[in-house]
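Read the sequence beside the model and follow the chain through a few of its contacts.

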Amino acid sequence: MAGDGRGARAPLLECGGHAQPHKAPAARCCLWLASHINVRKCVAGVMLLSVLTIFFYTYYVTVPLTSLVWRDRVPRPLSQCSLLASDQHARDHTSDARLRIDAKVLVIVESAYSRLGRDIAELLVANRIRYKVEVAGKSLPVLTTLDKELLDKYCREYSVGVVGFATPGEETLVGAQLKGFPLFMHTNLRLKDATLNSASPVLRLSRAGETAWGALPGEHWTVFRANSTTYEPVAWAMRQNEYGSSEDRVPLATVIQDHGRLDGVQRVLFGSGLQFWLHRLLFLDALSYLSHGQLSLSLDRWILVDIDDIFVGERGTRLHEEDVSALLASQAALQRLVSGFRFNLGFSAKYYHHGTPLENRGDDALLRHREHFTWFCHMWNHQQPHLYSNVSQLEAEMMLNKQFAIEHGIPTNSCYSVSPHHSGVYPVHEPLYEAWRKVWDVRVTSTEEYPHLRPARLRRGFRHRGVMVLPRQTCGLFTHTLLLERYPGGRQRLDRSIQGGELFQTVINNPINIFMTHMSNYGNDRLALYTFESVVKFLRCWTNVRLASAPPLALANKYFQLRPDELNPLWGNPCDDPRHRRIWSKSKWCETLPRVLVIGPQKTGSTALYTFLSMHPALVANLPSPTTYEELQFFNNNNYLKGLDWYLNFFPASLGNSTQMSFEKSATYFDGELVPRRAHALLPTAKIIAILISPSKRAYSWYQHIRSHGDPVAKNYTFHTIITANDSAPKMLKDLRNRCLNPGKYSHHLERWLAEYSAHQLHVLDGSLLRAEPAAAMNALQKFLKLTPHVDYNKLLKYDPKKGFFCQVTSGEKTKCLGKSKGRIYPPMEERSAKFLKRYYTPHNAALSKLLVRLGRPVPQWLKDELSNG
């Protein structure tokens with residue numbers, strides 16, 4: 001190593017570390033582990049007994065400069081802790097005392113701005129634990145109205161446990177609920193040197209035996225002392241004075257478990273918030289224990305380390321032969337701790353032998369030891385795929401890389417690939433997926449970009465065109481972090497990330513972790529080897545997780561077994577994210593996406609409205625679909641899985657530089673369960689137009705419509721038979737009944753849209769007014785859409801007595817009306833059917849009326865008539 005210019009850094013020390021407190025704003029919060037989210041209905045006025053006030057501070061782990069040890073000018077990973085020699089058995093919290101229904105967590109905060117509340121919610125989201133947040137004094141009573149006996153009764157009846165966070169200086173849950181119990185609290189303390197109680201039944205994910213040396217975050221800790229067998233310490237720490245020396249050699253309990261022997265309620269109480277990394281582990285263990293195992297996280301963690309840019313890099317930064325030897329040695333060391341571990345090498349063959357003579361020998365060393373690694377295709381010349389305009393160019397580039405692999409004995413059957421800079425993966429560039437499947441049979445890739453880079457806890461997977469896209473995690477190692485001394489924020493920041501910080505928590509919170517690194521991170525002072533060996537050993541020190549690795553295809557199958565709800569993508573607008581805009585093809589124009597959606601429902605006049613909107617010079621309709629005509633039906637059926645490119649093709653690219661805006665109408669959007677969320681993800685600023693008529697008339701019109709189009713069930717059954725079918729009827733009859741009646745539950749579907757869009761984005765159009773007075777209806781709509789110029793629809797529309805509705809004026813007195821299927825005259829509805837529908841829709845119509853009043857919208861006359869007693 002002498003003379004090669006490679007940096008030298010000291011080792012990361014034992015499992016413990018030293019901390020420097022960093023103050024953060026105070027907040028108040030508590031958490032309930034509840035079997036019923038709607039607890040207020042059962043125990044109204046008691047939930048705030050679990051509200052606690054907490055002061056907490058940011059925690060940073062540092063290493064004292066006096067303890068640095070240098071060896072061989074290369075940083076050593078974390079030293080092996082004592083627990084690595086013998087495994088501990090993680091506890092199984094599953095018991096017969098099950099919660100009544102699926103476990104949920106209710107988080108009660110005193111303020112919507114509670115920092116601790118946000119920390120709790122973020123941790124729950126990261127681990128896919130269902131929860132609900134309630135703010136004290138709004139949806140719940142204030143603290144002084146709480147009744148301990150009623151709360152305790154609820155907890156005992158439903159096997160509900162309480163997790164509390166104590167605060168000094170106030171009457172809190174710890175003080176109020178445990179008043180009279182043999183428990184003493186001391187507050188406003190500064191602590192150091194945390195340890196865990198290996199005998200505590202709460203521990204599962206957390207592993208006892210080591211000491212987290214150094215100051216704990218903050219100066220306002222609460223500690224507990226108990227002289228009763230009902231309380232058991234979970235964690236201890238030592239007290240320190242302002243100079244950092246110990247004042248009291250007696251360990252103080254910072255987290256305790258109340259076994260519930262005095263009042264039948266089990267609790268876990270924390271003397272501080274979640275800024276201390278050990279508390280995050282113990283918090284997850286507390287949820288597991290108090291839910292009787294129903295909220296237990298799996299202890300299995302899968303890790304794949306991709307090394308991108310093999311053969312790529314500037315001269316002077318690439319691997320030497322000794323770096324390859326170190327890579328193999330580190331892999332062997334990791335294999336003893338991570339079952340099946342292998343580094344996964346992604347190569348761009350164009351740059352093979354483009355380094356110095358020493359670096360070229362490093363390239364050769366990688367190929368000599370190729371069977372010790374797994375391999376995947378990067379890109380031949382490291383070019384971003386979205387810059388290629390067609391599939392043929394991408395295929396030619398990929399074939400060059402594949403030919404190189406065949407000539408040098410590199411395996412080509414991994415079914416995995418990663419593109420440079422995430423380009424083409426998300427936002428999706430269709431030619432990349434086509435070329436991948438054709439040349440490399442790619443079935444798995446990974447990206448940090450879906451749905452967005454940050455926050456990392458919201459990264460998800462999806463599947464597109466047969467390729468499974470896994471969420472990739474970051475470890476802080478990028479192309480510019482070649483040496484430890486150049487690490488952004490310095491060595492202390494990296495060590496904090498490893499010792500309970502971001503990298504450590506990433507593995508804890510994600511069952512499957514794919515880390516992207518770069519070849520140069522493994523040369524120079526071998527920063528990547530230091531990072532991964534250290535974090536793996538720290539995980540073994542402090543947790544009972546079982547670390548393993550597997551090939552990408554196996555990991556992908558395992559991921560979607562765990563997350564089947566993520567298989568279908570949720571397309572966002574690339575133009576809303578600067579990073580996405582940079583890695584999306586410049587030939588795409590997301591400015592052409594519609595800014596107006598007409599959502600139906602069917603048989604309310606949506607086609608007429610589509611025609612009227614098309615007459616306005618400021619609006620441009622989508623191009624017709626060859627199968628569904630003017631309706632694209634993108635958001636509610638399989639067309640959505642065809643991708644964003646498919647949708648964009650129906651909107652003229654010229655709109656990107658136009659004052660006009662495009663609109664789309666699909667009447668099936670209104671009652672589609674997934675449609676509002678999908679639409680908002682892609683079109684968050686769109687204006688939404690719903691058209692409503694009498695739901696009874698709508699149902700009858702829809703039945704007659706599908707009957708005239710040859711629907712076999714509608715042709716064989718009367719309208720009354722269909723709408724009155726019970727649950728014992730044949731499935732095809734029940735399905736038709738639901739399709740006929742469900743869209744008319746207007747308030748239910750509008751509430752779903754309002755959960756995604758704000759009220760000022762929604763226009764509820766009276767379909768009866770549109771039919772009788774279209775000019776008046778269109779005037780109100782123009783005002784809602786803020787269209788210019790204002791169009792006088794009295795001059796554009798004329799009533800046609802033959803059709804029975806208004807039609808477009810073409811020239812002179814001539815009109816152009818909708819097709820033969822529009823405006824049909826059906827036989828009148830049977831009276832018994834009308835009476836049945838009036839009863840059926842009365843509660844839904846009442847809910848709609850209340851909704852419209854709440855929104856400040858007029859209640860249409862047809863709705864008033866249906867709610868009348870006449």
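C575 and C590 are joined by a disulfide, with 1.2 Å from S to S; the term disulfide is used for a pair of cysteine sulfur atoms within 2.5 Å. In general, a disulfide is a covalent bond between the sulfur atoms of two cysteines. C575 sits in the loop between α13 (552-562) and α14 (578-582), and C590 in the loop between α14 and β23 (596-600), so the bond ties together parts that are 15 residues apart in sequence. Helices here are DSSP runs of H or I with at least four residues, strands are runs of E with at least two, and both are numbered from the N terminus. C590 has 4% relative accessibility and counts as buried. Buried means under 20% relative accessible area, exposed means over 50%, and partly exposed lies in between, with a 1.4 Å probe and protein chains only.

This is a predicted model, in which local features need pLDDT of at least 70 and side-chain atom pairs count only at pLDDT 80 or more, while totals for chains, interfaces and linings use all residues. Residues are numbered from 1 along each chain as its sequence is written, and side-chain values use heavy atoms, with hydrogens and water left out.

How many disulfides does the structure hold? The structure holds 2. Besides the pair already described, C807 and C817 form a disulfide with their sulfur atoms 1.9 Å apart. The torsion about the S-S bond of C807 and C817 is about 105 degrees, so this disulfide is right-handed. C807 belongs to strand β29 (residues 805-809), whereas C817 lies in the loop between β30 (815-816) and α25 (831-855), so the pair ties together parts that are 10 residues apart in sequence. C807 is buried at 2% relative accessible area, but C817 is partly exposed at 25%.

Next come the helices. Two packed helices are described by the angle between their axes and the distance between the axes. Helix α18 (residues 695-708) packs against helix α21 (residues 731-741) at an angle of about 130 degrees, and their axes are 8 Å apart. The axes are lines fitted to C-alpha atoms, for helices over the stretch in contact, and the angles run from 0 to 180 degrees between N-to-C directions. α18 and α21 are therefore oblique to each other; angles under 35 degrees count as roughly parallel, over 145 as roughly antiparallel, 65 to 115 as roughly perpendicular, and the rest as oblique.

Which residues of α18 meet α21? R698, A699, W702 and I706 do, and on α21 they meet L736, R739, C740 and L741. Contact means heavy atoms within 4.5 Å. This contact of α18 with α21 has 6 nonpolar, no polar and 2 charged residues. Ala, Val, Leu, Ile, Met, Phe, Trp, Tyr, Cys and Pro count as nonpolar, Asp, Glu, Lys and Arg as charged, and the others, Gly among them, as polar. C740 is buried, with a relative accessible area of 1%.

The structure also holds 45 aromatic pairs. One of them joins Y703 and F719, whose ring centres are 5.3 Å apart and whose planes are at 50 degrees, so the pair is tilted. Rings of Phe, Tyr and Trp (its six-membered ring) pair if their centres lie within 6.5 Å; planes under 30 degrees apart count as stacked, over 60 as edge-to-face, and the rest as tilted. Y703 is in helix α18 and F719 in helix α20 (residues 719-723), so the pair ties together parts that are 16 residues apart in sequence. Y703 is buried at 5% relative accessibility, and F719 is buried at 6%.

Is H93 buried or exposed? H93 is buried, with a relative accessible area of 7%. H93 is found in the loop between β4 (57-62) and β5 (104-109). The C-alpha atoms of H93 and H292 are separated by 5.4 Å, although the two residues are 199 residues apart along the chain. Leaving aside neighbours within four places in sequence, the contacts of H93 include P201, D285, Y289 and H292.

Helix α9 (residues 430-440) has 8 of its 11 residues buried, so α9 is largely enclosed by the rest of the structure. Among the buried residues of α9 are L432, Y433, W436 and W440. After α9 comes D441, whose phi is positive, near 50 degrees.
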